[in-house]
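Student: Could you walk me through reading a structure like this one, feature by feature?
Tutor: Gladly. Let's look at it together and begin with a pair of charged side chains.

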Amino acid sequence: MEERMILILAVILCVVASTGAVYFGVRFFLMKKSVRSAASDLTEITGQLEENRVLKLEAADRDLEYLLCEMNRTLAAVRKEKTEFERREQELKRQIENISHDLRTPLTSILGYLRITDMEELPDETRENLGIVERKTEALSRLVEQFYEYSRISAEEYVPEIHQIDLGRILRETVLDSWKDIEQSGLELKFAAPESPVLIIGNENAAERIIRNLIQNACRYADSFLDIRLSSEEKGADLIFENDAEGLKEEDVEKIFGRFYVGESSRNGHGTGLGLTVAKTLAEKTGGSMKAEKIGDDRLQITVQWKK
């Protein structure tokens with residue numbers, strides 16, 4: 001009798017242990033599934049913070065629920081900070097635009113008065129000083145114009161009209177218009193582009209500004225040459241600007257499109273660091289893209305890509 005009781009007890013214990021193992025196994029599986037699902041949701045939510053989604057738990061668990069509650073509080077704080085940052089950013093751009101606009105009028109007037117001044121009737125020293133003032137005023141006017149342009153095109157309200165344009169024609173005309181700047185910089189120009197039209201989807205004014213800014217960047221930083229190449233492919237077109245830049249570092253390339261970033265090798269101190277920022281913004285707002293990379297030891301290559 002005693003042996004039978006021991007046997008029954010052993011069977012009961014085995015059943016209980018087996019049931020517990022199954023229960024905890026299922027519980028563990030559900031928790032792992034919930035964690036994976038929450039991790040996947042978190043990836044989507046952080047990529048689309050504006051949708052105001054929250055993390056949810058598929059299987060009930062007090063500790064995991066507490067963790068997700070804390071993560072949702074963190075997400076709410078991040079959304080609030082992102083919204084505030086965007087508000088401050090837009091306000092800064094509006095202020096830059098307003099200040100730039102207010103400065104353009106008096107600067108234009110100053111340049112106008114300087115240019116109508118009869119220099120021939122003035123003493124040599126006075127004429128030389130007025131020449132310096134005129135050059136400095138022109139430089140300041142260009143800087144103000146860059147600030148105004150940046151604040152205008154980077155605003156969310158700025159949506160350029162997109163249509164089919166001939167990039168080849170725009171490139172040739174802009175290079176010819178910039179020939180004097182290239183020549184004064186002492187750069188050897190290498191140019192290659194198809195003779196036939198290179199049709200892309202973009203904006204003519206934006207494309208011209210992009211090309212002009214890339215030329216100005218090369219004139220400021222290149223050492224001896226500027227190589228401009230345009231190629232047409234089935235899906236789009238690649239516009240490549242390549243120049244030598246002594247002392248070019250990888251960190252320079254990584255920061256080159258950063259707002260107000262100015263490299264150490266600039267030929268003068270009149271740069272704002274906005275030229276390439278404006279160019280990249282325009283490329284992206286007209287359906288294109290722009291990237292920079294270091295070629296060899298001392299060459300910078302900037303590629304602009306557009307779709308057909």
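Tutor: Here, the side chains of Glu-284 and Lys-280 meet in a salt bridge, with 2.5 Å from N to O. The term means a side-chain nitrogen of Lys or Arg within 4 Å of a carboxyl oxygen of Asp or Glu. Before going on, note that this is a predicted model, where local features need pLDDT of at least 70 and side-chain atom pairs count only at pLDDT 80 or more, while totals for chains, interfaces and linings use all residues. Residues are numbered from 1 along each chain as its sequence is written, and side-chain values use heavy atoms, with hydrogens and water left out.

Student: Where do Glu-284 and Lys-280 lie?
Tutor: Both are in helix α8, 4 residues apart, about one turn of the helix. Helices (H or I, at least four residues) and strands (E, at least two) are DSSP runs, numbered from the N terminus.

Student: How exposed are Glu-284 and Lys-280?
Tutor: Buried means under 20% relative accessible area, exposed over 50%, and partly exposed in between (1.4 Å probe, protein chains only). Glu-284 counts as partly exposed because its relative accessibility is 43%; Lys-280, at 22%, is also partly exposed.

Student: Which residues of α8 are buried?
Tutor: In this helix, residues 275-285, they are Leu-276, Thr-277, Val-278, Ala-279, Thr-281, Leu-282 and Ala-283. Their cover includes α3 (124-153), α6 (204-221), β6 (289-295) and β7 (299-307). After α8 comes Gly-287, with a positive phi near 85°.

Student: What salt bridge does Glu-208 form?
Tutor: Its partner is Arg-212, and their closest N and O atoms are 2.9 Å apart. Both residues lie in helix α6, 4 residues apart. Glu-208 is partly exposed at 28%, whereas Arg-212 is buried at 18%.

Student: And how far apart are the closest N and O atoms of Arg-73 and Glu-70?
Tutor: In that salt bridge they are 2.3 Å apart. Arg-73 and Glu-70 are separated by about one helical turn because they are 3 residues apart in helix α2. Arg-73 is exposed at 52%, and Glu-70 is partly exposed at 31%.

Student: How do I read a buried position, say Leu-107? What is Leu-107 in contact with?
Tutor: Contact means heavy atoms within 4.5 Å. Leaving aside neighbours within four places in sequence, Leu-107 touches Thr-137, Leu-140, Ser-141 and Val-144. Leu-107 sits in helix α2 (residues 62-116) and is buried, at 8% relative accessible area. From Leu-107 to Val-144 is 37 residues in sequence and 9.3 Å in space, C-alpha to C-alpha.

Student: What about the whole chain?
Tutor: The protein chain has 8 helices and 7 strands, and buried residues make up 35% of its 308 residues. Of the contacts with a separation of 6 or more, 69% are between residues 24 or more positions apart.
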